[in-house]
Amino acid sequence: MFYAVKATEIEPGKWEGSCRDIPECLYDANSKEEALDLAKSMVPGTLELFYRRKRKVIPMPSPAEEGEEPIYIPARVQAKIALWNYLVSNRYRLSDISKLLDISPAQTQRLVDLSKDGASMEAIEEALYKLGMHFEVRAVAQPKAA
């Protein structure tokens, strides 16, 4: 999964990073390279703050357009997004998942926390499995910058 990020020079030595699919993801950098590098933490952090913490479905990425760079989202974060979107779409609360999986609220929180690596892929997979879902993993070519 790749979110498309655009680095725009707003004045000499000042750049702005943005993501069309996540309008709340807007940040400053000192260079184009820094703006693109910061996106690797800014995109998941923005999804955590503006979507997960507000119990909103996380938007899926669209293909990169001209002038945008694809930023890879690690598999563990992709898994958490899939789990989170399933929970929100089906009106599950984290307390429901704690009871269903017989785990603590803190452990449940780690399953969906997009900004930390606290849950293993196996734990996320087990949660989905108990909800009647599963992952399908496939290898695909990396998108090119538009």
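**Reading rings and strands**

Trainee: Does Tyr86 count as buried or exposed here?

Mentor: This is a predicted model, by the way. Tyr86 counts as buried, because its relative accessibility is 18% and the cut-off for buried is under 20%. Tyr92, at 27%, is partly exposed.

Trainee: How do I describe a pair of aromatic rings?

Mentor: You give the distance of the centres and the angle of the planes. This structure has 2 aromatic pairs. One of them joins Tyr86 and Tyr92, with 6.2 Å centre to centre and 25 degrees between the planes. That pair is stacked, because planes under 30 degrees apart count that way.

Trainee: Okay, and which residue lies over the face of Trp84?

Mentor: That's Arg52, at 5.6 Å from the ring centre. Have a look at Tyr51 too: Lys56 lies over its face, 5.0 Å from the ring centre.

Trainee: Now the sheet. What do strands pair through?

Mentor: Backbone hydrogen bonds, and the pairing can be parallel or antiparallel. Here, 4 strands make an open sheet with antiparallel pairing, and the order is E3-E2-E1-E4.

Trainee: Which strands stand at the edges?

Mentor: Strand E3 (26-29) and strand E4 (68-72). Each has a single partner strand, so one side of each has no neighbour in the sheet. From one strand to the next, the twist averages 35 degrees.

Trainee: How many bridges link E2 and E3?

Mentor: Strand E2, residues 14-19, pairs with E3 over 4 bridges, in the antiparallel sense. To find the spot in the structure, look for Ser18, which stands opposite Leu26 in E3.

Key
Residues numbered from 1 in each chain as written. Predicted model: local features only at pLDDT ≥ 70, side-chain atom pairs only at ≥ 80, totals over all residues. Heavy atoms only, no water. Phe/Tyr/Trp six-rings, centres within 6.5 Å; stacked < 30°, edge-to-face > 60°. Buried < 20%, exposed > 50% of the residue type's maximum accessible area, 1.4 Å probe, protein only. Lys NZ or Arg CZ within 6 Å of the ring centre and 35° of its normal. Pairing = 2+ DSSP bridges. Helix = DSSP H or I, 4+ residues; strand = E, 2+ residues; numbered from the N terminus. Axes fitted to C-alpha atoms, helices over the stretch in contact; angles between N-to-C directions.
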